[in-house]
Amino acid sequence: MSASLVSVASTTDSSANPSSVWFTAGYALRAHNTFGFDVRARLACRIEHEADLTKALADPRAAGLPTLVLGGGSNVVFTRDFDGLVLLNALAGKRLVHEDDEAWYVEAAAGENWHDFVAWTLEAGMPGLENLALIPGTVGAAPIQNIGAYGLEMAERCARVRAIELATGTAYEFDAADCDFGYRDSFFKREGRERFVIASVTFRLPKAWRANAGYADLARELAQRGLSQARHARDVFDAVVAVRRAKLPDPLELGNAGSFFKNPVIDAEQFDALVVREPQVVSYPQADGRVKLAAGWLIDQCGWKGRALGTAAVHERQALVLVNRGGACGNDILDLARAIQADVRTRFGVELEQEPISL
């Protein structure tokens, strides 16, 4: 942890927020992972207040058990039952905590549904997150993955993250620099993965709003709505929702974890060699001189879009999305992922990295 990281006293008063911590043995996790895998946890506990976390970790039944925090379960591939304690993050609440001439500072608890929170900020007249609409999961997952879409990353709007250290119960405030954000990456995904539970996130939403609608899909959607450009944040929000719904399956209807692979970033020399062989490759120059490739395009060119291995399949409208057609287990999804990675490696010399963690 960096020197700027601040330890703070817990703001949770267990007497003001009475809560009884319960444990359930053999808890079914099917509703808590968006692939819909039929797996169970040895123990599970619902965390509705920060005090619940302290009580759960101090309970003798949890002693020595591995711990897993689950929000919406949109970034995990279960390959077996989880032989430990699952903390179901149900921390709730959202509020405007500060406002100045330049920005609104809005805090949301980690258990809040991400899309609902984005919609709430717009309804409250505080734009800035509209490009991230309809991303599955909870607010607490957003900084772990540094979620991003359509020209915006969560890191660009993050002011600070409040997280609880599992070993001590101490609350820490991480500013954006402490979070060490990278492309679909952060301190919480690496060194802090098994050390901290995110309790809340505070976002800085600039009052000087500008439409971020440069992506071709958004421009086309806006044009279909009779708009040459987005005039309001709601225009962008509605366009993003429409594009995502057209391309991506609803996890409630078809099990998936959204984009399964990161867009690979390669150096300029490798790109120059690749584009000679593959002149149509979809790419995006990066500020550091490297080049980001469209993973979905690479997968599609290898003929995987719509293909299946048993009940694990690549979605027919978006090659980045692997789906459970019913009855697939985690290892089925991983077998499919490895087959795709091998073909992309063979044809393009590029390594695809999966986004969800495997357990």
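Predicted model: local features only at pLDDT ≥ 70, side-chain atom pairs only at ≥ 80, totals over all residues.
Biologist: Which residues of helix H1 are buried?

Modeller: Helix H1 covers residues 50–58, and the cut-off of under 20% relative accessible area decides which of them count. The residues of H1 that are buried are Glu50, Ala51, Asp52, Leu53 and Ala56.

Biologist: Which strands do the buried residues of H1 pack against?

Modeller: Packing is judged here by contact, for which heavy atoms must lie within 4.5 Å. By that criterion, the partners of the buried residues of H1 are strand S3 (40–47), strand S6 (82–89), strand S11 (158–165) and strand S13 (196–206).

Biologist: What is the relative accessibility of Thr202, and is this residue buried or exposed?

Modeller: Thr202 belongs to strand S13, a strand against which the buried residues of H1 pack. Leaving out residues up to four places away in sequence, Thr202 touches Val97, Tyr105, Val106, Glu107, Arg157, Cys158, Ala159 and Arg160. Because buried means under 20%, Thr202 counts as buried, with a relative accessibility of 2%.

Biologist: Why is strand S14 largely enclosed by the rest of the structure?

Modeller: Strand S14 runs over residues 255–259, and it pairs with strand S20 (residues 321–324) in the antiparallel sense over three bridges. The strand is largely enclosed because, of its five residues, the number that are buried is four.

Biologist: Which residue in S20 stands opposite Gly255?

Modeller: S14 and S20 are antiparallel partners joined over three bridges. Within this pairing, the residue in S20 that stands opposite Gly255 is Asn324.

Biologist: How far apart are the C-alpha atoms of Phe37 and Asn324?

Modeller: Phe37 sits in the loop between strand S2 (24–28) and S3, and at 2% relative accessibility it counts as buried. Its contacts beyond four places in sequence include Val77, Phe78, Asn324 and Ile333. Although Phe37 and Asn324 are 287 residues apart along the chain, their C-alpha atoms are separated by 8.6 Å.

Biologist: What share of the contacts in the protein with a separation of 6 or more comes from residues 24 or more positions apart?

Modeller: The contact between Phe37 and Asn324 joins residues 287 positions apart along the chain. For the whole protein, residues 24 or more positions apart account for a share of 62%.

Biologist: What radius of gyration does the protein have?

Modeller: The protein has nine helices and 21 strands, and its C-alpha atoms fill a box of roughly 65 × 50 × 40 Å along the principal axes. For 359 residues, a compact globule would have a radius of gyration near 21 Å, and the protein agrees with this, having 21 Å.

How values were computed:
Residues numbered from 1 in each chain as written. Heavy atoms only, no water. Helix = DSSP H or I, 4+ residues; strand = E, 2+ residues; numbered from the N terminus. Rg over C-alpha atoms; globule rule 2.2 N^0.38 Å. Buried < 20%, exposed > 50% of the residue type's maximum accessible area, 1.4 Å probe, protein only. Pairing = 2+ DSSP bridges.
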